[in-house]
Amino acid sequence: MDLEQRKQGFFDTKLETLSPQKREDHLSKKLLDFVQYAYKHSRGFKEALDKKGIAPADIRGLHDLEKIPLIRKDDLVARQKEEVPFGGFETAPPSKARRIYISPGLVFQPAIGEHEIKSWAEALYGCGMRTGDIVQNTFNYHLWPFAFTLDESLQQLGITGVPAGIGNALMQIKVMQTLAVTGFIGTPSFLMTLAERAEAMGLDLQKDLKLEVGFCSAEMLPEGLRERLEEKFGMIVRQGYGTVFTGCLGYECYYKNGLHLPQDILVEIVDPQTGKPVEPGTTGEVVATNFNPLFPMIRFATGDLSSLIQEACPCGRTSYRLKKILGRLDQATKVKGTFIHPWQTDEIAAQFPEIFKYQVVVTRKNHTDVMTFVAEVKDETVDKKLLKGRLERAIKDMLTVKGEVEVVPPGSIPDWHQKIVDHREWE
Ligand SMILES: [Zn+2]
């Protein structure tokens, strides 16, 4: 398919090109109706409002959203233990659900027909998937909602899906080759595994395979990894972000300058302590309201950190965008009394194109924290001494904590998904 076709167009032209004011009016009306509905039908939501002394009539527009208490996953899980299986948030008995999904920790979720939820279909379209594609979906189809939801989203777009599921790389490569698969859905690390295996089989990734577009999710997608995947396969790789309970909360278009908010969802960036929205551009917690009539999640706090971009995007979509996911609230590590977040160390690494991977290792020496930034270079020709000095200064500037720097050759960091490793032992 011509790349121009993948760059252009909208899943829902009317909604995706609304002016900011019209979008606010649209979402505001949707919210008021939904709060009334959820209060009437979802006991979990009603009790949360009653406890705060808030009536549905107190919510008159988007600006009143902050009055509604946040739902955290821990609260949801605790409520589900008391009131099986859904914690009272559901609006109908379990037998009315089309499916019941189960997440780790035995967390239950009733699902309506996914065709009623359009956010992932919008995301797949946004990343460039089109009718005529054959897309191999390598997410896990067991228990979890994600693979099924994406599968049904492909159907909404009139795209052929191959429900491959996770694992079995050799079989997956043979399927891709035999069916001339043009699209990939899965984690970036699995796509890299497929590349390495296919190369080991002696295949030419661009001639023997026909991949043109990839939609990655469920993991961070560092720019260095994206570039390598795009180069190896000769394909475009874009990403989407969301949670099990809320659905899609953001996706990249061709221009990959942030994650567009889907139309079916209300996303806020808030101060995790107060639950109040932060100024645009400021980092805060991602909070989402999903308009799901069977399992309403109103102000679900994701624990993920991001910030909002309000400027227009060249693709023509007028939605605001999440800058990127900067990490998790609970992933911060305290070093010499200062919290270090993976999003901060990511930002440092992003300033140095010569770094392919990195890992921050925290140890103790003579009762003092030692933070070592281990940087793996893309190739051996880099001036290591110069890089070390520049990195040390960047660490001090960004983290306000002094760090050691160790520059290592390609292939030295095996488990680099864990950005910060804490090796401190406390007696
Ligand atoms: Zn865009």
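## Asp-304 and its surroundings

The side chains of Asp-304 and Tyr-241 are joined by a polar contact of 2.7 Å. A polar contact is a pair of N or O atoms within 3.5 Å; within protein, one must be able to donate a hydrogen and the other to accept it, and residues adjacent in sequence count only if both atoms are side-chain atoms. The model is predicted: local features need pLDDT of at least 70, side-chain atom pairs count only at pLDDT 80 or more, and totals for chains, interfaces and linings use all residues. Residues are numbered from 1 along each chain as its sequence is written, and side-chain values use heavy atoms, with hydrogens and water left out.

Asp-304 sits in strand β13 (residues 300-306). Helices (H or I, at least four residues) and strands (E, at least two) are DSSP runs, numbered from the N terminus. With a relative accessibility of 9%, Asp-304 counts as buried; buried means under 20% relative accessible area, exposed over 50%, and partly exposed in between (1.4 Å probe, protein chains only). Apart from neighbours within four places in sequence, Asp-304 is in contact with Tyr-241, Gly-284, Glu-285, Val-286, Ile-325, Gly-327 and Arg-328, where contact means heavy atoms within 4.5 Å.

## Salt bridges

Side chains of opposite charge can pair when their charged atoms come close. The structure holds 30 salt bridges, each defined as a side-chain nitrogen of Lys or Arg within 4 Å of a carboxyl oxygen of Asp or Glu. One of them joins Glu-285 and Arg-72, at 2.7 Å from N to O. Glu-285 lies in strand β12 (residues 284-289) and Arg-72 in strand β1 (residues 71-72), so this pair ties together parts that are 213 residues apart in sequence. Glu-285 is buried, at 0% relative accessible area, whereas Arg-72 is partly exposed, at 26%.

A salt bridge also links the side chains of Glu-354 and Arg-390 (3.0 Å, N to O). Glu-354 is in the loop between α11 (342-350) and β19 (355-365) and Arg-390 is in helix α12 (residues 384-399), so the pair connects parts 36 residues apart in sequence. Glu-354 is buried at 18% relative accessibility, and Arg-390 is partly exposed at 32%. In the salt bridge of Arg-424 with Asp-422, the closest N and O atoms are 2.8 Å apart. Arg-424 is buried, with a relative accessible area of 11%, and Asp-422 is partly exposed, with 38% relative accessibility. Elsewhere, salt bridges that share partners join Arg-43, Glu-47, Arg-79 and Glu-83 into one network.

## Zinc site

The zinc ion has as protein donors Cys-253 (SG), His-260 (NE2), Cys-313 (SG) and Cys-315 (SG), at 2.1 to 2.3 Å. Donors are N, O and S atoms within 2.8 Å of the metal (3.2 Å for Na, K and Ca); water is not among the atoms, so sites may look incomplete. The angles among the four donor atoms are 104 to 114°, and the site is tetrahedral, a label given to four donors if all angles lie between 85 and 135 degrees.

The donor residues follow the spacing C-x6-H-x52-C-x1-C in sequence. His-260 in strand β10 (residues 259-260) and Cys-313 in the loop between β14 (308-309) and β15 (321-322) are 53 residues apart, and the pair links distant parts of the chain. His-260 is buried, with a relative accessible area of 0%; Cys-313 is also buried, with 5%.

Conventions:
Four donors count as tetrahedral if all angles lie between 85 and 135 degrees; four count as square planar and six as octahedral if opposite donors are over 155 degrees apart and all others between 65 and 115; anything else is irregular.
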